[in-house]
Amino acid sequence: MAAQTARVMRPYDPVATATPPQILYETMAMGVDETTSVPILDYMLATWFAWYQEGGQMPEWPRFRPFDHPQVLPHISLYERIGPRYRCSLVGEEAGRSMPVRMAGRMLDEAMPAENLADATRRMDTALGSGIPNFVEKTMAWQPGHDLRIYRTLQLPFAGRDGANARVMVVMNFRSERV
């Protein structure tokens, strides 16, 4: 049996990013019959569209009852729109472990790296403005000596109840590839 050598990983340096994030695939308006090829994302997409069809419009946030969907909780982050900004109120364990920065309890524009902020804000604004989910598959910023990280996110819009702030649930899936 051949001996395996450990791969030496250099510390990530956000200033020395070799390759910025790249969009691999996107759909800015998901249809009721579309899929993402990621089971947890497809489950929430189908659930969201069932609520949409029940009410004939974007569901209100109270429609999502976390304990009815425990398998999704580790994969979500929840953003509340406050004026033109978004506050991250919740990050699931799996999503938080894979994100490069700590988001929970922070305003998006104060926590997210600049190379992602405009794109993330545009996706959430589009989801809330259209009342329809959107999907993207992207690479994370990459540096030589590190695995290539790819993530898929599904942005699900929810109306605020009685004039309260609207929310966007982002369901996330991460994977790594050795390069």
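Two strands are said to pair if DSSP finds at least two bridges between them. In this predicted model, strand 2 and strand 6 meet that condition, since they run antiparallel and are joined by five bridges. Within strand 6, the residue opposite Ile 76 is Val 171.

That pairing belongs to a wider arrangement. The protein contains four helices and six strands, and, read from the N terminus, its elements follow the order β-α-β-β-α-α-α-β-β-β. The six strands make up an open sheet with antiparallel pairing, in which the order across the sheet is 1-4-5-6-2-3. Strand 1 (23-27) and strand 3 (85-91) each have a single partner strand and stand at the edges, so one side of each is left without a neighbour in the sheet. On average, and with direction ignored, neighbouring strands of this sheet are turned by 20° against each other.

Moving across the sheet from strand 1, one comes to strand 4 (residues 134-139), which pairs with strand 1 in the antiparallel sense over four bridges; here Glu 26 has Val 136 of strand 4 as its bridge partner. Further along, strand 5 and strand 6 run antiparallel and are joined by eleven bridges, and Pro 157 stands opposite Val 168 of strand 6.

Helix 1 (residues 39-55) lies across strand 4, strand 5 (148-158) and strand 6 (167-177), and runs at about 10° to strand 5. In the loop between strand 1 and helix 1 is Val 38, which is buried, with a relative accessible area of 5%. Leaving aside neighbours within four places in sequence, Val 38 is in contact with Arg 152 and Asn 173. Although Val 38 and Asn 173 are 135 residues apart along the chain, their C-alpha atoms are separated by 7.6 Å. For the protein as a whole, among contacts with a separation of 6 or more, 61% are accounted for by residues 24 or more positions apart.

The interior can be considered next. In soluble globular proteins, nonpolar side chains tend to be buried together. Here, 43% of the 179 residues of the protein count as buried, and the largest nonpolar core has 41 residues, of which Tyr 79, Leu 156 and Met 169 touch the most other members. Two or more residues of this core come from each of helix 1, strand 2 (76-82), strand 3, helix 3 (108-111), helix 4 (114-130), strand 5 and strand 6, and helix 1 gives the most, with seven residues. The contacts of Met 169, leaving aside its neighbours within four places in sequence, include Met 44, Trp 61, Phe 64, Ile 76, Leu 154 and Leu 156.

The last feature to follow is empty space. Rolling a probe the size of a water molecule over the atoms shows where such space is left. A search of the whole structure finds one cavity of 30 Å³ or more, and about 320 Å³ of space lies in the largest cavity. This largest cavity is lined by 22 residues, and the closest to its centre are Met 112, Ala 120, Tyr 151, Thr 153 and Met 172. Strand 2, helix 4, strand 4, strand 5 and strand 6 are the elements that give two or more residues to its lining, and helix 4 gives the most, with five residues.

Terms used
Residues numbered from 1 in each chain as written. Predicted model: local features only at pLDDT ≥ 70, side-chain atom pairs only at ≥ 80, totals over all residues. Heavy atoms only, no water. Axes fitted to C-alpha atoms, helices over the stretch in contact; angles between N-to-C directions. Contact = heavy atoms within 4.5 Å. Core = buried A, V, L, I, M, F, W, Y, C linked by side-chain atoms within 4.5 Å. Buried < 20%, exposed > 50% of the residue type's maximum accessible area, 1.4 Å probe, protein only. 1 Å grid on protein atoms, 1.4 Å probe; cavity = no way out; pocket = protein on both sides within 12 Å on 5 of 7 lines; lining within 4 Å. Points joined across faces, edges and corners; volume = space filled by probe spheres on them.
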